[in-house]
Amino acid sequence: MQTIKTDVLIIGAGPAGTVAGALVNKAGFNVYVVEKMKFPRFVIGESLLPRCMEALEEAGLLESVLQQGFQRKTGAKFVRDGVICDYSFSDQFTDGWDHAYQVTRADFDLALANGLQAQGVPVHYETSVTAIQFREDGSSITTLVDADGQEAQVEARFIIDASGYGRVIPRLFGLERPSNLPPRKALFVHIKDENRQMDDEPDRITIVVHKPDVWVWIIPFATGITSVGFVGSPAFFEKYQGTDEEVLRALIADEPYIAKRMEGVAFLWEPKVLQSWSVTTEKFYGNGFVLTGNVTEFLDPVFSSGVTLATVSSQIAGNLVVRHLKGEKVDWEKDYTEAMMQGVNTFRSYVMSWYDTSLHTIFFAENQDPEIKRKICSVLAGYVWDTSNDYVKDHETVLHKLARTIKLRDSISYINSGFKNEEDK
Ligand code: FAD
């Protein structure tokens, strides 16, 4: 069996794997990237956040992405019962990017992988990891199998596991742990969006509150195609009978914000279903490896945080791996796990506040405080590491406090109005 020697083996060539590969290669170390699939391949996760652009920039992968002419995304729009709350990233509190992109992931991930290859790092497609043995010094022997069933071994000083939903190291070494978020399901499709002008600006994601715990994403692409998906509890979907296409058409017909615009539109493929995606791992690093991207923890799609957490985790980990290879002592717990959990836990608080509806109270309140809106906007832009923002630093408490204050204010104004605006209650 052939044995390949490398400094770093990277498992997976999605956003996490390519960013990590580019950073380690840039520092002058050998990188060997294996990817189970042949690209382009479908994956969901089409709405990016401004913070992820910084990671792509540092990795030298930005140009390759910009050349694709993806739809520019300048904000996020939330809709409930016809009331609109619009966030524009140019208003955000944190200094940073004021836009991102809405991307078909097959094209985006291929652009990243091609960008990495242009930097001199080949991506070995249709090559899967089947076994890993770690030695005491952290180096490892990994067994690979290619599309023809040919086996090879890679001897690496370090492994970056960026295998996304493949979760290679957590599965091989029993590190998977359940998430504290309840299971959710998504049913989604790409449509030919001929009536786009009826409702939506193409330059932002729209999130529609369909029921308190069911929401819809609308992500327009530059091509006139739009991604539409419903997310809710598995029990919610059980109320609908029929094929996935029939169920999705019935859901669209039931949601006034999109019913007319999307009535009878062409679905470009049979709708897809994903469910119970929230999962975490016992640890994010070990002797000779680090996990980045979705392998570490994936929360929920509502704030489009996945690709940002994937690329930023690889940005942080890639630079730490370089320091480790140079012989420097790395405090993985502090510099990686704690840093990542700062971002993950901020998004977790926002996700939980979305589903317990505190965030609905905040988003759809009248007379919103512009300074608070700017701070929340930074979180929606992915700047969840800026602890000078109290809507990041105090994420566990600040949203519930604000929602309570808004409810109290509204109750007082209701009383002061002589109970006149009861229908608004
Ligand atoms: P991936 O993109 O999954 O890449 C991992 C790669 O590893 C894959 O190409 C895979 O083939 C490869 N691999 C797996 N196993 C092996 C193996 N054994 N050997 C070799 N290679 C292997 N995120 C957003 O940012 N915006 C959104 O709008 C958004 N919407 C979402 C909607 C839903 C319903 C869900 C479930 C998720 C959504 N996400 C979104 C999250 C997003 O899909 C992920 O967070 C993102 O793709 C993670 O990137 P990654 O590089 O970690 O993993």
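I take axes as lines fitted to C-alpha atoms, for helices over the stretch in contact, and angles as running from 0 to 180 degrees between N-to-C directions. I take helices (H or I, at least four residues) and strands (E, at least two) as DSSP runs, numbered from the N terminus. The model is predicted: local features need pLDDT of at least 70, side-chain atom pairs count only at pLDDT 80 or more, and totals for chains, interfaces and linings use all residues. Residues are numbered from 1 along each chain as its sequence is written, and side-chain values use heavy atoms, with hydrogens and water left out.

**Entry: α10 and α14**

I looked up the packing of helix α10 (residues 332-355) with helix α14 (residues 395-416). Their axes are 9 Å apart, at an angle of about 25 degrees. The two helices are therefore roughly parallel (under 35 degrees; over 145 is roughly antiparallel, 65 to 115 roughly perpendicular, the rest oblique). The crossing of α10 and α14 is right-handed (the near helix is turned clockwise from the far one by less than a right angle; anticlockwise is left-handed). I then listed the contact (heavy atoms within 4.5 Å). From α10 come Asn-345, Thr-346, Ser-349, Tyr-350 and Ser-353; from α14 come His-395, Glu-396, Leu-399 and His-400. I sorted the residues of this contact into two nonpolar, six polar and one charged. Nonpolar covers Ala, Val, Leu, Ile, Met, Phe, Trp, Tyr, Cys and Pro; charged covers Asp, Glu, Lys and Arg; the others, Gly among them, are polar.

**Entry: α2 and α9**

Next I took helix α2 (residues 50-58) and helix α9 (residues 306-325). Their axes come within 8 Å and cross at roughly 40 degrees. That makes α2 and α9 oblique to each other. Their crossing is left-handed. On the α2 side I found Arg-51, Cys-52, Glu-54, Ala-55, Leu-56 and Glu-58; on the α9 side, Val-307, Thr-308, Thr-311, Val-312, Gln-315 and Asn-319. This contact holds five nonpolar, four polar and three charged residues.

**Entry: the buried side of α7**

Which residues of α7 are buried? In helix α7 (residues 244-254) I noted Val-247, Leu-248, Leu-251 and Ile-252 (buried is under 20% relative accessible area, exposed over 50%, partly exposed in between; 1.4 Å probe, protein chains only). They cover an arc of only 135 degrees around the axis, so they lie on the same side of α7. The arc is that of the directions from the helix axis to the C-beta atoms. Their cover includes β12 (185-192), β13 (204-211), β15 (225-232), α6 (234-238) and α8 (256-259).

**Entry: two buried loop residues**

I found Thr-74 in the loop between β3 (71-73) and β4 (75-80). Thr-74 is buried, with a relative accessible area of 18%. Leaving out residues up to four places away in sequence, Thr-74 touches Tyr-87, Ser-88, Phe-89, Asp-98, His-99, Asp-203 and Arg-204.

Val-265 sits in the loop between α8 and β16 (272-275). Val-265 is buried at a relative accessible area of 6%.

**Entry: backbone checks**

I found a cis peptide bond between Phe-39 and Pro-40, with omega about 0 degrees. Pro-40 is in the loop between β2 (31-34) and α2.

Asp-81 is not a glycine, yet has a positive phi of about 45 degrees. Asp-81 lies in the loop between β4 and β5 (83-88) and is exposed, at a relative accessible area of 74%.

Ser-304 also has a positive phi, near 55 degrees. I placed Ser-304 in the loop between β20 (297-298) and α9. Ser-304 is buried, with a relative accessible area of 11%.
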